[in-house]
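I opened this structure for a first look. These are my notes, kept in the order of looking.

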Amino acid sequence: MELGTFSKPPGAILAPNAQDAWQKYGQRSIAYPKQDGWRFQIHVNGPRIVLYSRKGSDYAAKLATTAQQVAQQVGAHRIILDVEMVGYDADDRPLPPGQLLKAHHHRCWVLDMPYLDGQDLSGAPTVERLRRLDDWLAGRPAGVLVRSEFQRFSDAAVWQRFFGQCLQEGLEGAILKLADSDYATPVYKVKPFETIDVLVIAGNRERSGHGARSLKSLLLGVPAAGGQRIAVLGTADRDEIADKALWADIVRALEPLAQDVRPRPIDPTPHLPSTWFAPEIVLEVKAQANRNKIDPHYTVGGGG
């Protein structure tokens, strides 16, 4: 990795439940609680600090106070940190991610350290990077950067208690990082989910070869008010659906239903999609309920 140059952070693979996650990855992994915030890759090089979002946008100006606090805690070190930034109100209660930019203060839960003082650690095993991270944080004053509570487990019962405690504390779930993997290897996200039926109501396109615009994501909804309207529920992204043949079938079924204006029963959406669809296609999806119980927001993963 190169200091000052954005590198896409590792992706996440959804694990359907704690038991399945343990059987597949548990004894080979290091776990930590899944905070509900914004993912940032922080680059600090002397007075220069960049807060890269997942898409590579710099939020240092919008989060100037927090960026300055990070720089003060880092001191003279040159470093890249992978963090989950969470916003808090004046009473130190965590806020939903949508209120991050308006939060009273922030904490940056440190997840990884792929670069330190001229050393590219991104290819080292997770256990080595986290050991170096622990040593580095132990020598820093307390501040906005906070160590995530990484743990390894010897048996399934201890892991299950840890996961249950994460949920009891109002967190989204837990993350598993393979102990011998490099920085770029995807992690495993363990969050409760439910299976629900949804309507495809809109989609977003991206430009592909020869000027074509292919569907990249779908906007989903569910009937509300006794079926009188359709409430916006969440999105499903093409890259998160492993079955590419299924995605192709969905796209073929949707194209004849495309239209330029929002169908009357559909609630207004936060952002204008590339195209609307007559709400006639039903999908069965795995949906993860928002931990703040804000109805009807869900994060949708996969499809069926």
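I started with strand β12 (residues 213-224) and found it joined to β13 by eight bridges, the two running antiparallel. Two strands count as paired here if DSSP finds at least two bridges between them. Helices (H or I, at least four residues) and strands (E, at least two) are DSSP runs, numbered from the N terminus.

Buried means under 20% relative accessible area, exposed over 50%, and partly exposed in between (1.4 Å probe, protein chains only).

Next I checked what I was looking at. This is a predicted model, where local features need pLDDT of at least 70 and side-chain atom pairs count only at pLDDT 80 or more, while totals for chains, interfaces and linings use all residues. Residues are numbered from 1 along each chain as its sequence is written, and side-chain values use heavy atoms, with hydrogens and water left out. The protein averages a pLDDT (the predictor's confidence in each residue, from 0 to 100) of 87, and 91% of the residues score at least 70. Over residues 290-304 the pLDDT is below 50, yet the stretch has 40 contacts in the model beyond near neighbours in sequence. Contact means heavy atoms within 4.5 Å.

Then I went to the cores. A nonpolar core is a set of buried Ala, Val, Leu, Ile, Met, Phe, Trp, Tyr and Cys residues joined through side-chain atoms within 4.5 Å. The largest has 34 residues, and Phe40, Ile42 and Trp136 are among those with the most contacts inside it. Several elements supply at least two residues each, including β2 (29-34), α2 (64-74) and α3 (126-138). Which element gives the most? It is β6, with five residues. I picked out Leu145: leaving aside neighbours within four places in sequence, its contacts include Val70, Leu81, Cys108 and Trp136. Apart from this core lies another, of 20 residues, with Ile196, Leu233, Ile241 and Phe277 among them.

Helix α1 (residues 18-25) came next. Its buried residues are Ala18, Asp20, Ala21, Trp22 and Tyr25. They pack against β1 (12-15), β2, α4 (156-168), β9 and β10 (187-190). Asn17 caps the N-terminal end of α1, with a side-chain oxygen 3.2 Å from the backbone nitrogen of Gln19.

Last, I went through the charges. I count a salt bridge when a side-chain nitrogen of Lys or Arg is within 4 Å of a carboxyl oxygen of Asp or Glu. The structure holds 20 of them. Lys177 pairs with Asp112, the closest N and O atoms being 3.0 Å apart. This pair links distant parts of the chain: Lys177 sits in β9 (residues 173-178) and Asp112 in β6 (residues 105-116), 65 residues apart. Are Lys177 and Asp112 buried or exposed? Both are buried. Asp91 bridges to Arg93 at 3.4 Å between the closest N and O atoms. Asp91 counts as exposed because its relative accessibility is 56%. Arg147 bridges to Glu149, with the closest N and O atoms 3.7 Å apart. Arg147 is at 25% relative accessibility, so it counts as partly exposed. I also noted a network of salt bridges linking Lys34, Glu84, Glu172 and Lys191.

Methods. Polar contact = N/O pair within 3.5 Å; in protein donor to acceptor, adjacent residues only side chain to side chain.
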